[in-house]
Amino acid sequence: PGESPFFNPERETMSREQIEAFQLERLKETVRHCMNNAFYQKKFKEAGITPDDIQTLADVRKLPFTTKQDLRETYPFGMCCVPMRDCVRLHSSSGTTGNPTVILHTKKDLDEWANQVARNLWMVGLRPDDVFQNSSGYGMFTGGLGFQYGAEKLGMLTVPAAAGNSLRQIKFIKDFGTTAIHAVPSYVTRLYEVMQEQGVDPRRDTKLKVLAIGAEPHSEEQRKRIEDMMGVKAYNSFGMSEMCGPGVGFECPEQNGLHFWEDYYIVEIVDPETLEPVPDGEIGELVLTTLCREAMPLLRYRTRDLTRVLGRSCPCGRNHVRLDRMRGRSDDMMVLRGVNIFPIQIEKILMQFKELGNNYLITLTTDEDNDNMTVEVELAEMFTDDYNRLQQLSKDITRALKDEILLTPRVKLVPRGTLPVSEGKAVRVVDKRKVY
Ligand code: ADP
Ligand code: K
């Protein structure tokens, strides 16, 4: 692509009309391709439709939804639309209950996926002279190989550092002249703490300039903190195994929402109850249809992620839909005394207090038949023993939280390093409530 700001200028700068014409063609092909598979044949029959019913882009709404449940019930290979001999990679999501979900890829699928990831990294200014350290889990977790192949495709020297072992990470960053890192946001804050302990100043002692952070919900406040701490630009990266993995949506340098790549997906936001589309700007469930997958195309897949449309144009020159940062999955929503609360709302408040560190844990309990919330949060390093100051701080936090979530949680301030840190996605909520 030379020195163009676009990795794939033709696709990235399509007008809305071009995007939609492209999508319709691809949608028709995808639907026809799905008819190779018994699961889809049955679904289509039940819905009383055939591929010929897709004549306009709006006809996507005639298609049946697919869900994680479908993937579980057809585990492991029941939703594959190509002969097994054409599949070259398998990824599987954690799945704490029942069967995990399996996603298969052909060579072409992997190639397209790498293109998607490379497009994102190019978009935020990374070039072949950059050194990319991938500090996310490898193995089944798609953030590992997904970023590896994408960064290599772009041409960067790519370091598969994997998650954890912060001392080694820091040594690599310094020795290899790492300029960009991919990691989950909760791990970046951990890495920074270890840098501090080691007397390493990321601005002075490293060449870091860009971070790709994602795979878990985080607030704008958390991002700003990460940027300040590390002296970098941090870009939100959205991915999910069912849609390949990383590369589905990414922020451009404007940092005004995630561009979801509509040459790869049809993006719908629906009301999770009625399943009808919601107007732009309103929060709903993200539903995605893949447009160029061979092994496992997914039609109208219900992601359970809640977000909203921010716009369909951008000063960066891309017209691919911009979505707001995810507020969490519908399953992350806590219902306490009839009030709906997302962990991210709590994080947003905590991050506004400079006296607080980055790690926090929400515990839900039942006391005397009432639901209660305790928020434990680590103090920043300037930990104080001044009882009165801590009392006042905890009062201020409680009040700010109450304004946001309309309930009064118990706030516990704990020293840095007290709360558990996970190597993968952070665990923010422990629900110990009685089930009646
Ligand atoms: P698992 O399903 O085991 O968690 P995935 O890696 O497929 O594994 O997780 C995908 C999910 O992670 C998304 O559906 C979404 O809930 C969350 N996620 C990924 N990226 C982001 C992001 N940038 N912001 C918020 N949530 C994200
Ligand atoms: K290189």
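Is Arg 433 buried or exposed? I checked, keeping in mind that this is a predicted model. Arg 433 has 19% relative accessibility, so I noted it as buried, the cut-off being under 20%.

Next I looked for a partner of Arg 433. I found a salt bridge with Asp 371, where the closest N and O atoms are 3.2 Å apart. Asp 371 sits in strand β18 and Arg 433 in the segment after β20, so this pair ties together parts that are 62 residues apart in sequence.

**Entry: more charged pairs**

I reminded myself that side chains of opposite charge can pair when their charged atoms come close. By the rule used here I get 32 salt bridges. One of them joins the side chains of Arg 11 and Asp 263, at 2.7 Å from N to O. Arg 11 belongs to helix α1, while Asp 263 is in the loop between β9 and β10, so the pair ties together parts that are 252 residues apart in sequence. I looked up both residues, and both are buried.

I then turned to Arg 312, which forms a salt bridge with Asp 280, with 2.5 Å between the closest N and O atoms. This pair links distant parts of the chain, 32 residues apart: Arg 312 is in the loop between β13 and β14, and Asp 280 in the loop between β10 and β11. Arg 312 is partly exposed at 33% relative accessibility, and Asp 280 is partly exposed too, with a relative accessible area of 49%.

**Entry: the two domains**

Where does the domain assignment divide the chain? I wrote down domain 1 as 1-330 and domain 2 as 333-431. Their centres, taken over C-alpha atoms, are 30 Å apart. I counted 25 residues of domain 1 in contact with 22 residues of domain 2. Between them the domains bury about 1900 Å², with 47% of it on carbon and sulfur atoms. Glu 193, Glu 221 and Arg 225 supply 29% of the area that domain 1 buries against domain 2, more than any other three residues.

Which side chains make the salt bridge between the domains? The count there is 1, and I found Arg 416 and Glu 197 meeting in a salt bridge at 3.6 Å, N to O. I also noted 9 residue pairs in polar contact across the interface. On the side of domain 1 that touches domain 2, the elements giving two or more residues are α8 and α10. Helix α8 gives the largest share, 6 residues. By class, I listed 7 nonpolar, 10 polar and 8 charged residues on that side.

Note on methods
Residues numbered from 1 in each chain as written. Chains lettered and ligands numbered in written order. Predicted model: local features only at pLDDT ≥ 70, side-chain atom pairs only at ≥ 80, totals over all residues. Heavy atoms only, no water. Domains from an automatic or database assignment. Contact = heavy atoms within 4.5 Å. Buried area = accessible area lost by both parts, 1.4 Å probe. Salt bridge = Lys/Arg side-chain N within 4 Å of Asp/Glu carboxyl O. Polar contact = N/O pair within 3.5 Å; in protein donor to acceptor, adjacent residues only side chain to side chain. Helix = DSSP H or I, 4+ residues; strand = E, 2+ residues; numbered from the N terminus. Nonpolar A, V, L, I, M, F, W, Y, C, P; charged D, E, K, R; others polar. Buried < 20%, exposed > 50% of the residue type's maximum accessible area, 1.4 Å probe, protein only.
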